[in-house]
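Please examine the sequence and the three-dimensional structure shown below before reading the explanation.

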Amino acid sequence: ATNQAGGGGAPIQQDQPMGQSFTPTLSSVGFVQLEFLDYPANGLGTTVFVNLWSGSISNSTLLSSTDPIFIPDGAFNLVTNFTFLTPVAVTPGTTYYFQPYLKSGDTRLAVIASQVFNYSGGTAYFVGAPDPNNSDLWFREGVVVPEPASSLLILLGSGLFAYVRRKSKNHSRT
């Protein structure tokens, strides 16, 4: 099966250890986003988590794992966010590896991979080795930037409004 970008599905269970090497530009990783494809629907969903490694795709230093996420049966081009409990410190410019891993459920779940993604900072890994065809998994990584609470925004806006109004009244009296 293929997605809109011409990629196919790389079976997670059968290709272990599998994943993607990447070279971050930020000093931490708070989430990894992957795109999934479930081969013919069979009534089973899958629970997946992502490991973040330094050194190699496995048998090196496990930096952190995300909480498991349930992927529903029949997922097609389903982009899913995997968040680390706390952002993981990384060194910009150094190669790291993330590894989607099935915790339970349907073993036919695949992550989208293709040569057209052309990620210059790493490559897909299948069965523990770099893909000789230079494929990449479809992914995004980054940090979560918390948004301020709406109550805080209302309080700040009200305070600013009161300040401007008061300044305006004082200015018009002079």
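The paragraphs below move from the overall fold to individual residues and ring pairs.

This is a predicted model, in which local features need pLDDT of at least 70 and side-chain atom pairs count only at pLDDT 80 or more, while totals for chains, interfaces and linings use all residues. Residues are numbered from 1 along each chain as its sequence is written, and side-chain values use heavy atoms, with hydrogens and water left out.

The protein contains 13 strands and 1 helix; helices (H or I, at least four residues) and strands (E, at least two) are DSSP runs numbered from the N terminus. Along the sequence, the order is β-β-β-β-β-β-β-β-β-β-β-β-β-α. Of the contacts (heavy atoms within 4.5 Å) with a separation of 6 or more, 78% are between residues 24 or more positions apart.

Of the 174 residues, 40% are buried, where buried means under 20% relative accessible area, exposed over 50%, and partly exposed in between (1.4 Å probe, protein chains only). Phe-31 belongs to strand β3, residues 28-38. Its relative accessible area is 18%, so Phe-31 is buried. The C-alpha atoms of Phe-31 and Thr-83 lie 4.3 Å apart, although 52 residues separate them along the chain.

The whole structure holds 8 aromatic pairs; rings of Phe, Tyr and Trp (its six-membered ring) pair if their centres lie within 6.5 Å, and planes under 30 degrees apart count as stacked, over 60 as edge-to-face and the rest as tilted. Tyr-119 and Phe-139 form an edge-to-face pair because their ring centres are 5.1 Å apart and their planes stand at 85 degrees. This pair joins distant parts of the chain, 20 residues apart: Tyr-119 is in the loop between β9 (109-114) and β10 (124-126), and Phe-139 is in strand β13 (residues 139-142). Tyr-119 is partly exposed at 25% relative accessibility, whereas Phe-139 is buried at 13%. Ring pairs also link Tyr-119 and Phe-139 with Phe-22, Tyr-96 and Phe-98 into a cluster.
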